[in-house]
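Trainee: I would like to learn how to read a protein structure feature by feature. Could we take one feature at a time, with the general idea before the particular case?

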Amino acid sequence: MVRYLLAAVCSVALLPAFGQYQFGFMAGPQYVTISTTVSGDLPPGFEVPKVDGFGYHGGIWYRSDVFHLINFRAGLNWSYRTFEAPLTTMDVATDTLGFPSIVSSFTGTTRTRVSYLELPLQAQYYFWRGAHAELGVHLARRVGGNMRTEGQYVLSGPGMPTYRPDPTNETTRNLDHLARIELATTVGVGY
């Protein structure tokens, strides 16, 4: 964490050393979409579900008004995000002759909650009485979170009754499937 604070201070120090300076606090909601990259071929008809969700963020920022129409802004934010996605799996066990013996299917949802420490760097172009367009990048590092899976297993097979154990409600802190370091672009307008 000390490295990221040091990176934030160095980024601010690299901004031009003249012009008007402003400091402030910011907080608000955010909407985030995660894209998933799959290596290898997917089975026909299988699609990776879209994962998106709401969260909130807050932090401090520094802005340098060097060219009066263009401002450069850097900050340090803490961001909390939550995502919910449907989850369906199916496993088929076969006997010694290769025939299906037990089919295990799971239907439910996963809810992922993650926290990030973000370093946003933005340029703001003021085009009319305080109205501005923004373009920038966010470098973020995941600092915590968990994943909760809720749903129902169903076990079935030839010559056996369908078995439904108690519903599953598991929480894990293993988030290795999510990137630890994240780079995002930001585009916006404001006043």
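Predicted model: local features only at pLDDT ≥ 70, side-chain atom pairs only at ≥ 80, totals over all residues.

Trainee: How many helices and strands does the protein chain have, and which pattern do they follow along the sequence?

Mentor: The protein chain has one helix and eight strands, and when you read along the sequence the pattern is α-β-β-β-β-β-β-β-β.

Trainee: Where is Tyr126 found, and is Tyr126 buried or exposed?

Mentor: The general idea is that a residue is called buried when its relative accessible area is under 20%. Tyr126 is found in strand E4, and its relative accessible area is 18%, so Tyr126 is buried. In space Tyr126 and Asn71 are 8.0 Å apart, C-alpha to C-alpha, while in sequence they are 55 residues apart. If residues up to four places away in sequence are not counted, Tyr126 touches Arg63, Leu69, Asn71, Ala131 and His132.

Trainee: How many salt bridges does the structure hold, and how should I read one?

Mentor: A salt bridge is called when a side-chain nitrogen of Lys or Arg lies within 4 Å of a carboxyl oxygen of Asp or Glu. The structure holds four salt bridges, and in one of them the side chains of Arg81 and Glu118 meet at 2.7 Å, N to O. Arg81 lies in strand E3 (residues 70–94) and Glu118 in strand E4 (residues 100–128), so this pair ties together parts that are 37 residues apart in sequence. Both Arg81 and Glu118 are buried, and a network of salt bridges links Arg81, Glu118 and Glu182.

Trainee: Which residue forms a salt bridge with Glu84, and what do the two tie together?

Mentor: Arg111 forms that salt bridge, and the closest N and O atoms are 2.6 Å apart. Because Arg111 lies in strand E4 and Glu84 in strand E3, the pair ties together parts that are 27 residues apart in sequence. Arg111 is partly exposed, with a relative accessible area of 24%, and Glu84, at 40% relative accessibility, also counts as partly exposed. In another salt bridge the side chains of Arg148 and Glu150 meet at 3.6 Å, N to O.

Trainee: Which side chain of opposite charge is nearest to Arg142, a buried residue that has no salt bridge?

Mentor: The nearest one is Asp176, which is 4.7 Å away from Arg142, and a salt bridge would need a distance within 4 Å. Arg142 is found in strand E5, residues 131–157. A polar atom of the Arg142 side chain lies 3.3 Å from the backbone oxygen of Leu175. Among the residues that Arg142 touches, beyond those up to four places away in sequence, are Val114, Ser115, Tyr116 and Leu178.

Trainee: Which residues make the nonpolar surface patch?

Mentor: The patch, of about 730 Å², is made by Leu69, Ile70, Tyr125, Phe127, Trp128 and Tyr191. Strand E4 gives the largest share of the patch, three residues. Phe127 lies in strand E4, and at 49% relative accessibility Phe127 counts as partly exposed.

Technical notes:
Residues numbered from 1 in each chain as written. Heavy atoms only, no water. Helix = DSSP H or I, 4+ residues; strand = E, 2+ residues; numbered from the N terminus. Buried < 20%, exposed > 50% of the residue type's maximum accessible area, 1.4 Å probe, protein only. Contact = heavy atoms within 4.5 Å. Patch = residues over 30% accessible without salt bridge, like charges linked within 9 Å, V, L, I, M, F, W, Y side chains within 5 Å. Areas by Shrake-Rupley, 256 points an atom, 1.4 Å probe, with all protein chains shown as cover. Lys, Arg positive; Asp, Glu negative; His and termini not counted. Polar contact = N/O pair within 3.5 Å; in protein donor to acceptor, adjacent residues only side chain to side chain.
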